[in-house]
Amino acid sequence: MARKSAPDDLLAPLTLAVGQEELLLDRAVAQVVAAAKAVDPDTDVRDLPPGGLQPGSLAELTTPSLFAERKVIVVRAAQDLSAESVKEVKAYIEAPAEEVIMVLVHAGGAKGKGLLDAGRKAGGREVACAKLAKASERLAFVKGEFRTLGRSATPEACQALLDALGSDLRELAAACGQLTSDVEGAIDETVVARYYSGRAEATGFEVADLAVTGRAAEALERLRWALAVGQPPTGITYALASGVRSIGRLASARNMRPGDLARELGMPPWKVDRVRQQMRGWTGDGVATALTAIAQADAAVKGGSDDPAFALERAVVAVARAARAGSRPAY
C-alpha cells in the first residue's frame with residue numbers, strides 16, 4: 001500500500017484521523033463507516049475504545065470472515081498503543097487484508113509519532129482534525145456548516161452564533177442544524193438573537209463590546225446578568241482581553257489597506273470595521289492600563305479573590321475609563 005491514497009477515497013485501506021478535535025475525529029470515522037456501509041450494508045464495524053487493541057488481537061480482527069463481508073477497524077487513541085501493538089499495526093498496514101478498512105485515530109503529537117509516520121509512508125489517507133484554536137478558524141467552521149447544510153448565513157449571524165455559544169464545535173454544529181431546519185429565508189443576526197437570546201445577550205463578548213466603547217453602566221448591567229445566567233467568569237475576562245487586544249492590534253496597523261488589514265489580523269472585514277469604530281477614545285497607554293486591569297481580574301477569578309464578581313466589575317470600569325481617556329480634554 002505504498003501508493004498514496006486519494007483524500008476523497010473513503011474506502012482506502014488506511015485512514016489516519018489526526019488531531020484532538022473530538023467532533024472532527026468522530027466525523028472522519030463516521031464518513032468512512034458510512035461509505036463502507038453504502039457499498040456493503042452488512043459491513044462489520046469494530047470501533048475499539050482507547051486501550052481496546054491488545055497485543056495479539058489485530059490478526060483476529062482483520063481475518064476475513066466466512067461470509068466475506070467488509071470490515072472497518074477503528075483504533076482510538078492510537079498514540080497510546082503498546083510497543084507490541086504498534087509493531088503489529090505497522091506490519092499490518094504494509095500488507096493490509098482485502099475488504100478491510102483500518103482507521104487510526106491519532107492525537108498527532110510527538111507521542112506515538114512512529115506509528116503515524118509509518119501510516120503516512122504506507123500511503124494512508126489523512127484527515128486533519130486539529131483543534132480550532134483561532135477565532136477565525138471557528139468562524140470559518142460555522143460558515144462551512146451552513147454551506148454543507150445547503151444554506152448561507154450572514155457574517156454577522158455567524159459571529160453572533162460564536163459569541164452566544166462559545167468554542168464547542170458540537171454545540172455550534174447543532175445550532176447550525178437547528179437554524180437550517182427551523183428558519184426559512186435569510187439567517188441573519190436577528191434570527192440568531194431570537195433563537196439564542198438568553199445566551200447571546202449575556203455573553204462576555206457583549207460585556208466587552210459595551211466596555212470598550214466606554215459604556216460602563218450598560219456593561220456592568222450586562223455583566224451582572226451574564227453571571228446570573230451562569231456565564232463563566234474566565235470567559236468574560238477572555239472576552240474583555242480579546243476586545244482590548246483587537247483595538248491595540250488595529251491601532252498598530254492602521255496604515256494598511258482594508259483587505260490586507262483583515263488578512264493580517266485574522267479578522268473578517270466587517271469585524272475590522274467594528275473594531276475601528278470602537279477605537280475612538282483609546283490611546284496606547286489606555287490599552288496597557290486596561291490589559292493590566294483585566295490580567296488582575298483574571299487572576300482573581302481563577303482563585304486569587306473571594307469575590308470574583310467584584311473583581312470583574314472593577315475590570316469593566318477600568319476598561320470603560322480607558323476607552324474614554326483619549327477623548328478627555330487636557331488640563
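1. Helices (H or I, at least four residues) and strands (E, at least two) are DSSP runs, numbered from the N terminus. By this rule, the chain holds 16 helices and five strands, and S85 lies in helix α3, residues 83-94.

2. The model is predicted: local features need pLDDT of at least 70, side-chain atom pairs count only at pLDDT 80 or more, and totals for chains, interfaces and linings use all residues. Residues are numbered from 1 along each chain as its sequence is written, and side-chain values use heavy atoms, with hydrogens and water left out.

3. Is S85 buried or exposed? S85 counts as buried because its relative accessibility is 1%; buried means under 20% relative accessible area, exposed over 50%, and partly exposed in between (1.4 Å probe, protein chains only). Leaving aside residues up to four places away in sequence, S85 touches L53, Q54 and P55, where contact means heavy atoms within 4.5 Å.

4. Of the 331 residues in the chain, 44% count as buried. Among contacts with a separation of 6 or more, 75% are between residues 24 or more positions apart.

5. Helix α5 (residues 135-148) and helix α7 (residues 169-182) have axes that come within 10 Å and cross at roughly 35°. Axes are lines fitted to C-alpha atoms, for helices over the stretch in contact, and angles run from 0 to 180 degrees between N-to-C directions.

6. Which residues of α5 and α7 meet? From α5 come F141, V142, E145 and F146, and from α7 come L169, L172, A173, C176, L179 and T180.
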